[in-house]
Amino acid sequence: MTPVHFSFSSAFILGLMGLAFHRTHLLSALLCLEGMMLSLFIALALWALQFESTGFSTAPMLLLAFSACEASTGLALLVATARTHGTDRLQNLNLLQC
Amino acid sequence: MTYFMFLLLMALVVGLVAVASNPTPYFAALGLVVAAGVGCGVLVGHGGSFLSLVLFLIYLGGMLVVFAYSAALAAEPYPEAWGSRSVLGYVLVYLLGVGLVAGFFWGGWYEGSWVVVDGLKEFSVLRGDVSGVAVMYSSGGGMLVICAWVLLLTLLVVLELTRGLSRGALRAV
């Protein structure tokens, strides 16, 4: 396992652990998802660069487009939550079920 | 240069530790900005200058600015940085875990593990990733059209989610 491979793998695992264990704010969960997407982008780009298979360089671009979709939908849900509940604490969403 | 790449990769992991250790969201956004900037440096070091530019302009300049702006919705009266009690515990636990796993793989790391694209060619006009991304406009045209449709659909989804006046997708807004 090369240092590059280890780094983006551990970055992905760290983002996943942050998403799984810490759910105080909705925005924290979204930021952890973005960190996972960043590590996936770097992984795909470095795979294409290290093996010189440059035709694969389009895959990180497409991944970035889809991650933009994911981020915008998450932030729209965050805005809707802030408008209905006044805050984005996930505990508050449990408390005020409707 | 190999050690500089080691430093950048280590900063990437530390940036993700700063995000994952559950500080107040605008500190977490700061950590993600650091991780994305360091990721640009890693891609440049491996020869992917165009992919790094895309990451810098689209990810760091477009998406993370929106995230930092949305941190205003998650404001706290008593913000917790990485020095406060609970966050510091998670930071230390994560750093210790990553350090232990890195110590397990430490023996296989050597200086020749840094590979640059086009490093073995004698003369090349285009950088490898520039010619690679250009494939998206010729052979990958169908996927490009699908991506454009997905982005348009996402725009409509966002508009419906945040419409308000009880007429959108969420009646409660």
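How many residues does the largest nonpolar core have, and which of them have the most contacts inside it? In this predicted model, the largest nonpolar core has 61 residues, and A:Leu31, A:Ala45, B:Leu12, B:Leu16 and B:Val19 are those with the most contacts inside it. At least two residues of this core come from each of H1, H2 and H3 of chain A and from each of helix H1 (2-20), H2, helix H3 (49-70) and helix H4 (85-105) of chain B. H2(A) provides the largest share, 16 residues. For B:Leu16, the contacts beyond its neighbours within four places in sequence are A:Ala11, A:Leu14, A:Gly15, A:Gly35 and B:Ala35.

Between the two chains, 57 residues of chain A are in contact with 63 residues of chain B. On the side of chain A that touches chain B, helix H1 (3-21), H2 and helix H3 (58-85) each supply at least two residues. H3(A) gives the most to this side, with 21 residues. The side of chain A that touches chain B consists, by class, of 35 nonpolar, 18 polar and four charged residues.

On H2(A), the contact is made by A:Leu27, A:Ser28, A:Leu31, A:Glu34, A:Gly35, A:Leu38, A:Ile42 and A:Ala45. On H2(B), the residues making the contact are B:Pro25, B:Ala28, B:Ala29, B:Leu32, B:Ala35, B:Ala36, B:Gly39, B:Val42 and B:Leu43. The residues of this contact comprise 13 nonpolar, three polar and one charged.

For chain A, the UniProt record places the feature "transmembrane region" at residues 1-21, 29-49 and 59-79. In the model, residues 1-21 of chain A are 90% helix and 0% strand, and the end C-alpha atoms of this span lie 27 Å apart. Residues 59-79 of chain A are 100% helix and 0% strand, with end C-alpha atoms 30 Å apart.

In chain B, the loop between H4 and helix H5 (128-133) contains B:Val115. This residue has 16 C-beta neighbours inside 10 Å and therefore counts as partly exposed. Not counting residues up to four places away in sequence, B:Val115 touches A:Gln50 and B:His46. The C-alpha atoms of B:Val115 and B:Leu43 are separated by 11 Å, although these residues are 72 residues apart along the chain.

Conventions
Residues numbered from 1 in each chain as written. Chains lettered and ligands numbered in written order. Predicted model: local features only at pLDDT ≥ 70, side-chain atom pairs only at ≥ 80, totals over all residues. Contact = placed C-beta atoms within 7 Å. Helix = DSSP H or I, 4+ residues; strand = E, 2+ residues; numbered from the N terminus. Nonpolar A, V, L, I, M, F, W, Y, C, P; charged D, E, K, R; others polar. UniProt positions renumbered as here; feature names shortened; annotations may be inferred. Core = buried A, V, L, I, M, F, W, Y, C linked by C-beta atoms within 7 Å. Buried ≥ 20, exposed ≤ 12 C-beta atoms within 10 Å, placed from the backbone.
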